Each structure stands twice: as structure tokens, then as C-alpha cells.
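Subject: Structure for your review

Dear colleague,

My notes on selected residues follow it.

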Amino acid sequence: MNKIQKISIFMVALGLPAGAAAWRLAAGGGLLAGLVPGTAFGWQFTGQWTRSGYAGQRWLLEADVGQYATEAAPGAWLERGRAASLLAFWERRTPFSYAFRPWLGIGGGISRYRFDERQRLNDQGYAIASYPAIVENDADLAVTMSVPLARSWSVAITAQTGFPSRISTVSMTVLWRLF
């Protein structure tokens, strides 16, 4: 059994449609904010694959990569890091009004965080100790909202929290549908 067949069987077992022709791809970039051992801000690049299910419902697979840095505050940690996640969502179209009809979704996935350049700051804001890089792997729970702006443009807001590290992130991404 080859790798493609195994992935298709896994997707069908999760209830995800496996036909590749009906998936649509969107890509974009945006801002990332998080709660690590301090408040972090950065950027991320996102790829989204969607497939319509029943009327007003769809599946969404999202892959994200990004970088961030914590705020340098006296008595806090100063860190730079990288994040990567793979999430699967079930979304439903919610018509709040004629003009505002976002997709709201719930899902889960996995994330990997790498914390580099870790330093502890004293009360005056000077580095008093340096620490080695660490890596955290998480299982995530997430919610998302995608707001279509035009035929090919949309804005996505995703909030996720991971276990066991309890790292929480919120991202806002502008997406352009490629096909």
C-alpha cells in the first residue's frame, strides 16, 4: 500500500472527503499573537484547503508556519521562536445578515514550537541569564472564522490552545484563493 492510499484511508476514517479534485487552495499571510511565557507577536504564512460538504458546510485543512518574539519587559523572558501547525476544521456558513455571512468552525490538530534566544531579564531590563533552545509539541483545540471579502479574497481569524504546554495563539490572516 503506497503513501497516498494510506493518507486517503486516514482522511476517510476521520470523515474527511478524500477526492483531491474538489479541494480549493488559498494562501496568505498575516499577524500572530500568542501567550507563551510572555506575550508574543509575529507573522505567519498560511495555506488552506477547503472542500464543500452539504449545503452551508465544509471541511478546512490549514497549515501554518510563522515566527514571533516576546515583548522585552523588565523581570520577564525574552524569546524568539518559530511555530508550525496543522489543523483540521469542520465549518458552517452562518448568515448573520445579507452582507455578513462568515464561516464558523471548530477543530483540532498538532503544533510544534521552537523557542530560541531565551534570556531572562532583570528588573532594569538587562539580560541576566541565557538558556538553551527548547521544542514543544502540542495537540491543539481551535476555533476559526473566515470572512469572505470578494470572490478570491477572505480574512481568517483562528484561535487555538495547545496541550500539554498550554500555549495559546490568535492569528489573523488575509487569504487569496489560488484555485
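In which strand is the place of Asp-116? Asp-116 belongs to strand E5, which covers residues 103-121. Please bear in mind throughout that this is a predicted model.

Asp-116 has a relative accessibility of 14% and therefore counts as buried, the limit being under 20%. Its side chain forms a polar contact of 3.3 Å with the side chain of Arg-82. Residues up to four places away in sequence set aside, Asp-116 touches Glu-79, Arg-80, Gly-81, Arg-82 and Ala-133. The C-alpha atoms of Asp-116 and Pro-132 are 7.3 Å apart, although 16 residues separate the two along the chain. Glu-117 also lies in strand E5. Glu-117 has a phi near 45 degrees, a positive value in a residue other than glycine. With a relative accessible area of 54%, Glu-117 is exposed.

Asp-64 is in strand E3, residues 57-70. Asp-64 is buried but takes part in no salt bridge. Why is there no salt bridge for Asp-64? The nearest side chain of opposite charge, that of Arg-58, is 13 Å away, whereas a salt bridge requires the atoms to be within 4 Å. The side chain of Asp-64 does have a polar contact with the side chain of Thr-46, at 2.9 Å. Apart from neighbours within four places in sequence, the residues in contact with Asp-64 are Gln-44, Phe-45, Thr-46, Ala-83, Ala-84, Ser-85 and Leu-87.

Gln-48 is placed in strand E2, residues 38-52. Gln-48 counts as buried, at 4% relative accessibility. A polar contact of 2.8 Å connects its side chain with that of Glu-62. Beyond neighbours within four places in sequence, Gln-48 has contacts that include Arg-24, Leu-25, Ala-26, Leu-60, Ala-156 and Leu-175.

I turn now to the aromatic residues. Three aromatic pairs are found in a search of the whole structure. In one of them, the ring centres of Phe-96 and Phe-100 are 5.7 Å apart; their planes meet at 25 degrees, so this pair is stacked. Phe-96 is exposed, at 53% relative accessible area, and Phe-100 is partly exposed, at 34%. In another pair, Trp-153 and Trp-176 have ring centres 6.4 Å apart and planes at 40 degrees, so the pair is tilted. This pair links distant parts of the chain, with Trp-153 in strand E8 (residues 153-163) and Trp-176 in strand E9 (residues 168-177), 23 residues apart. Both count as partly exposed, Trp-153 with 45% relative accessibility and Trp-176 with 40%. A separate arrangement involves Trp-103: the charged end of Arg-58 sits over its ring, 4.3 Å from the centre.

The peptide bond from Phe-163 to Pro-164 is cis, with omega near 15 degrees. Pro-164 is in the loop between E8 and E9. Arg-166 lies in the loop between E8 and E9 as well. Arg-166 is not a glycine, yet has a positive phi of about 60 degrees. Its relative accessible area is 60%, and Arg-166 is therefore exposed.

With kind regards

Conventions:
Residues are numbered from 1 along each chain as its sequence is written. This is a predicted model: local features need pLDDT of at least 70, side-chain atom pairs count only at pLDDT 80 or more; totals for chains, interfaces and linings use all residues. Side-chain values use heavy atoms; hydrogens and water are left out. Helices (H or I, at least four residues) and strands (E, at least two) are DSSP runs, numbered from the N terminus. Buried means under 20% relative accessible area, exposed over 50%, partly exposed in between (1.4 Å probe, protein chains only). Lys and Arg count as positive and Asp and Glu as negative; His and the chain ends are not counted. A polar contact is a pair of N or O atoms within 3.5 Å; within protein, one must be able to donate a hydrogen and the other to accept it, and residues adjacent in sequence count only if both atoms are side-chain atoms. Contact means heavy atoms within 4.5 Å. Rings of Phe, Tyr and Trp (its six-membered ring) pair if their centres lie within 6.5 Å; planes under 30 degrees apart count as stacked, over 60 as edge-to-face and the rest as tilted. A charge sits over a ring if NZ of Lys or CZ of Arg is within 6 Å of the ring centre and within 35 degrees of the ring normal.
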